Structure formats: C-alpha cells, structure tokens
Amino acid sequence: MKKMRSGIRAFQQAVDHHIRYSVAKRWDEASAHDRYKAVALAVRDRIIDGMLATQDRYQSADVKRLYYLSMEFLMGRALGNNLYNLGVFDEVSEALTDMGVDLEEIRDSEIDAALGNGGLGRLAACFLDSLAMLGMPGFGYGINYEFGIFKQVIDNGYQKEKPDRWHNKDNPWLIERPDEACIVPVYGKLERCQDAGGSETSIWGDWKILVGVPHDMPVVGYGGGTVNYLRLFSARSSDEFDMQIFNEGDYFRAVEQKISSETISKVLYPSDSVDRGKELRLVQEYFLVACSIRDIMRRYLSSHETLDVFPDKVAIQLNDTHPALAVPELMRTLVDENDVPWDRAWEMTEAVLGYTNHTLLPEALEKWPVPLLEHVLPRHLELIYEINQRFLDRVSVRWPGDGKRLQRMSIIEEGDPKHVRMAHLSIIGSHSVNGVAKLHSELVKSELVPDFYAMWPEKFNNKTNGVTQRRWLLKSNPLLSSLISETIGDAWITDADQLAALAQYAEDRGFHKRFLDIKRANKERLAKVILDTTRVEVNPGSLFDVQVKRIHEYKRQLLNVLQVIHGFLSLVEDGRSPKVPKTYIFSGKAAPGYFMAKLIIKLICSVGEVVNNHARAKDHMKVVLIPDYRVSLAEKIIPAADVSEQISTAGMEASGTGNMKLAMNGAVTIGTLDGANVEILEEVGPENIYIFGLNVDQVREMRRSGTYDPRHYYEAVPGLKRVLESLVSGLFSPRDPELFRPIYDALLNHGDYYLHLADFQPYLEAQTRASEDYADPSVWAKKAILNVARTGRFSSDRTIREYADQIWGLRPALSQNAATVTKRRRAV
C-alpha cells in the first residue's frame, strides 16, 4: 500500500510537470484536452523507458524481427489500453481522483486513431498487442494518415462523410523520428545500358523524390515487459495542401487535385473512381512499401556487414495485397542497390515475404493498369515482367502446352489495357500464403487460386484470425472481466485458454445472476449512448440484437432489415406480438461510392423511424443505427450485446473478428456457415449458437446451375411478399414511394446475388429459437457463459504463435523478469 501511494505521488508530480512545461498552463485553467495530454505524456514517460530497454534487448541478442506491412491499423484509443497493459489503471485512477478529475473524463477526451476502415486494420492492431505481450520482436509499418477513415454523420437517414482529422502535430502517442527519414523515388524513366560485367541492364533516373518521415506509436505488451512500436510514415513536402475541400466536407474531391508528395499521407483510401485517385492510391501503396523496406534495410545493415543472413533476421508479412509492391521493391533494392545476383535475390525475397489473403471477393483483389504502373514505377514494372517470365517458364515446364493455365496464372492479365494482378504477384513472391479461417483457406485453394495451389501446395496454410482479450474483454468489459478474475483467477488475461474454467459455472444459478446483472449494466450504459447519439430511448430489458460491421451487400444487413419488417408487420397487421421485446442495433459505415450500401443505411433508418414511433410497436421493438462506428464505440456496444448477427452469404466472409469479440463477451451468435462462424460452432457447440441457411456448397451449386429463382421464394415463403412490397408501397418512404425500388429490384428482378430470399425463412426460424431461449434467463445465461468459456481459441495470442512458429521463424525475446512471470503462468 505504501509503495502504491508512492507511485501515486510520483505520477501526480509527472502530470503537474507536463501540465506546466508541456502544455504551459496551470492545472486549474487547463481544458479537458490539456489534462488528457498531460496525463498521456506522464504515462508515455514510463512507456519510453520500456521501449528503449526493449530495443536494447533486441539489439544485444541480434534477434530476428517481424515487420507487419498494412495499409490499415485501427488502433483505437491508446490511454486506457496502455494503463491496463502497464498494470497501473487503478493507481492512475486514484491519482487523478485525488487531483479532482475522473479518469473516464480524461479518456473520453482522446480521439480514436482512425488509421483503418474495419476488420483488416483492427486485426493488425490486435496482432501488434499480442506480439508485444508475447515478447516477440514484431513491428507494424503503415502510413500516418492525417485524415483517416471518414467521420460518418447520419442526416435524415442518409450517410454523409465528414473529414476525420484524428491527430494533430502534438499527438502525445506519436514520436517523430526525422533523423530516420526515407527518400523514395517515383515516376522518372528507364535508360538501357551495360553493367560492369557487360550485361544489358536498366538505370532508373529522373525521378520525383518523396520524403517519408517515420513516427513511432509505442505498443505496450501486457505487464510492460516489452514495448514494441507501430512505425507510421508521413509524406513531407514544402508545398501546401489545399485543406478547403476537406473543411467543406467534400471528403473525396480532394484527391482530384494535382498529385503531389504532400497528399500521399493525407487521407486513407482515396477514391479510385477517377484516374488521379487511382494514381494517388498506387503511390500511397508504394510509399508504404518503399519506406518500410528502406527502413528495414537500414536497421539490418546497422548491425550486419553483409546481406548473407538477411532472411535469418528479417520476416515481412503482407497484410492483403495492398503492400504487394514489396516483391519488386525488395528485388530492386537487392539487385540494383546491393548488386545481389538475381537468383540469390529472388531466393531471399521468397524467404523473407509472407502473404495473407483476406478476401474471396473478385472486386477486392487489386489489379493495376500496366500504363499506370509504367508511368509511376517504370523500373518496378520491368522487374514484374521479368519475375512473370521466369515464373511462366516454370509453369510451362510443369504443364507443357497448357496455354489457358499460363493465362490464368500470369501476373499480367491480358486486355486493353493490360493489368497487373497483385494477388498473383504476392503469391509468387512469398514463401507462405495463408487464409484467415479454415473455410476461407480451403476456398482460397479450391476456388480462388487453385492453379497456384496445384503448383505449390506447401505454400498454402491457414491461420484463423483472433482478437486480443486484453482490449476486447479486460478493457472493454471491466465488470465481466472482474467477475471472471474473481471466479477463476486472472491467468486468462495472458492465456485465453484459461477461460475454459468458466464452463463449470454454466449451471450455477448464483453465477447466472451476477453474469446477467453485469450484462444489464452494460446494456444500460449502451442505452445512454443510443439516447445521446440517436435520440431514441431503448429498453435495457429487451433483447439487444446487434449487427456491427462495414455495410456491404454480402454481409447482409439487408436480410436483417427484412426480418425486422416481417416482425413489425406481423405485430401491427396480424396482432402477433414478439416472444420477447427486442432492440435491433446496427452500426457501420458504407464506402462513399457504394450506392446500394448507402441505400441500405437509409432503409434501416427509415424502418426505425416508422417502428420506433408506432403506437403498437414501440413497446415491443426498436430499431437504431448508431452513427460513426469506431473502436471506442465498439467497446461500448459489444459488451451489451445479447445476440451477435453474423449472417453473410456462405463463402463470402473470409473470417470476421467481430463474431469472436461478441462471443467472448457473452453474445450468442445467429449466423451462417461462413468464415470463422464454422470454428465458433465447433468450439461453443451447436446448442450454443443458432446456425441457419445455405452452406458454401449449396450457394456454389445454386449459382453454377442457374436454378435460383427469387420469385419462387417471393411466392412460397409466408409473409415474404408482404415484406418486399412494403419496400415500394411508401410505408417507409411516404414522400418518395420509389426510393427503395433499387433494393426491391435487386432482390426480385436482378437475381438476388447474395441469396437473401433463399435464406429468409431459415433466418426467421433461427430468430424464433433465439427469442424462445432468451425468454428463459437460466437457459440464456448458460449459453452466454459457455460462449465466453469456449472462445479462448480465438485469442490473437494463439494466432500470433502460429504465425511465429510456422511462417516467420520468430521467437520471444523476453526480459528476465518477464520470462520468469511467463514460466510461472505456464506452471499455473
């Protein structure tokens, strides 16, 4: 206790120091943001000591390092996460209470780090947390976007995009490293010449120069024994960027300006609907790759005189195809800048690189026009052609005379213009290709790239995604995490398999009550958020049915809305009350140019407007869309969920991680046999999940045979015709009855590609089963508790161990103290 009081005083002194000397104010005149900054800087002081000690440890042991290249890192807020991982949350809370400030108010002053769009970026953030917790030398490499994913505003039911300037120049978590800036060449031209040996080669010259300045965001491992970092590169130029367009709220028109170096790190995912937007996006991707590889080389050569052991000391993971230019860039660096012979350079490139595929959707597999690549990166295009020719020569030897196979496998897609297939480039240039769920990995091999699997079956493997239980349970759900630790101990924080011990309490009525009381408290907290953000009052005693994710047709928020309409019409026209009151909670953003997704948002809001204000319905059901889905909002929604909607068309979701987070917090899944739902079913058991609908084989056969007829279901399924006709009757759009005609036509007249109508009746039946079970608190509590107990496998710690052992060849490099703690935990 005496030691804790000493720590509290020391922390208060550090905060006083920073409020005076970093913020230049007195405590009593400081704003909430000023106080947040002072507190964050005081915490950062402790973190930097750990970061420097970690780097010294890595350097002295000459460890192999992992560099995780990703266009997205959805980090969320850092202060609370760092306090939990340092183990000083209670100490800091008490220190601030003594100073007359509530820690929660301080934390609410922090803006989410908006460096990502969805699951891809959040997965990367979870991986960094697990790498640090495991004491592994792993670092993220990304872009320091000034404007991340847009801020979503709902205006009369329509999504509007506003710029989200997530950080400013005094962000306390970003440590600028101008002395390690990278010079990156782009554009220019090639000149043919002879090298010293008399062989013909190319010299790339007359470039435009970009400058990438790294900024490090510390990543604290639980317990504080390891502090890695996420390195984010900012593009610098002497020119000014026209901010007026952003300030006026026209988020993507800015990319239509003349492309110049200072725009490269301005905005996440510029629109590629115009040529200049495509060019900016390509330059962004190369900027990330070039800065990363130059920085990796610099670090390696600072302690090694030759490149002989480069693959033994460096692993690079490509998070989807966005960093695929790492293949030609690493080859260029080895061959052009370091005079490594081609064959040896290729051997090293393959050994260093690994590629993670995240999608089966054709439109999400990047392809770049050859003329654009030739304009922006002429040397890289030349290298890609050389890589492709050598690869096709090998294919020809394996399958002589098979011209169609050569066309399918070529990096270059024929057409006018020709395109470079970035997934093919990533597969050819990597020693490992992994999917992110068992089902997804099998579909990558059998459906997406079967020719490559036939050639290199040893390259392909599965690494099922995971989430960090430290953010998504310990931090997000402190009431539940306290109950768990009180009941089974706290070893689960670093070993999620320990959650299995909760299963013995699944039929304990006393534990049921405490568990359900916590769920109710979390629902009351979320109800306040809903009221504050949507002005809709919801009943915390109702079943909270939650679908939170990016809005996309294949994720089938529309199927959810259709069953909501069915329930509403059954209530108000047929007099059939639902078995339990329900609150349907949606949250998610649509891509700015995705018309149908934005129309689905409008439909959700319009249905909510009618349902929430209907005299007979409002006490039985509510529908809300909470705007601007982000990490800090997810941390409030997920602990409050009763039902987790994971209803994508089978075979279209790679994995999903929201399904894991929700189950880990005691939500019971209603889902299709898609992505990681299959593995959640295996873990929690069929009695603790509601599976419905077509499976992958049935979807494939329906599409292949052309036998799917939406009108058959329209006529045959009771109530479905009424639901669809309500879309064009004006019920939900009285001023414009034709507003939702495109949705109606997509479902009924244009083939219903995502098979909403085929799965509608099974979905209703799953909803009915869930409602019946929820009506019995003891039945529901058992299911929810077993979901928590059986989700240990979905910790990102397990995922990272698998990557480290099977792909990266990475080992922990723990401090002596951390190693001792780890051994004790394993013994327990």
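In what order do the six strands of the open sheet run? I read the order as 22-21-20-23-24-25, with parallel pairing. Strands here are DSSP E runs of at least two residues, and helices are H or I runs of at least four, numbered from the N terminus. Two strands count as paired if DSSP finds at least two bridges between them.

I noted the ground rules. This is a predicted model, in which local features need pLDDT of at least 70, side-chain atom pairs count only at pLDDT 80 or more, and totals for chains, interfaces and linings use all residues. Residues are numbered from 1 along each chain as its sequence is written, and side-chain values use heavy atoms, without hydrogens and water.

Strand 22 (621-625) and strand 25 (690-691) each pair on one side only. I then looked at strand 20 (residues 543-548), which pairs with strand 21 (residues 582-587) in the parallel sense over six bridges. Gln547 has Phe586 in strand 21 as its bridge partner.

**Asp129.** I found Asp129 in helix 6 (residues 119-133). Its relative accessible area is 4%, so Asp129 is buried (under 20%; exposed is over 50%, partly exposed in between; 1.4 Å probe, protein chains only). I listed its contacts (heavy atoms within 4.5 Å). Leaving out residues up to four places away in sequence, Asp129 touches Asn81, Asn85, Val219, Val220, Thr468 and Arg470.

**Ile183.** I located Ile183 in strand 8 (residues 182-186). Ile183 is partly exposed because its relative accessible area is 44%.
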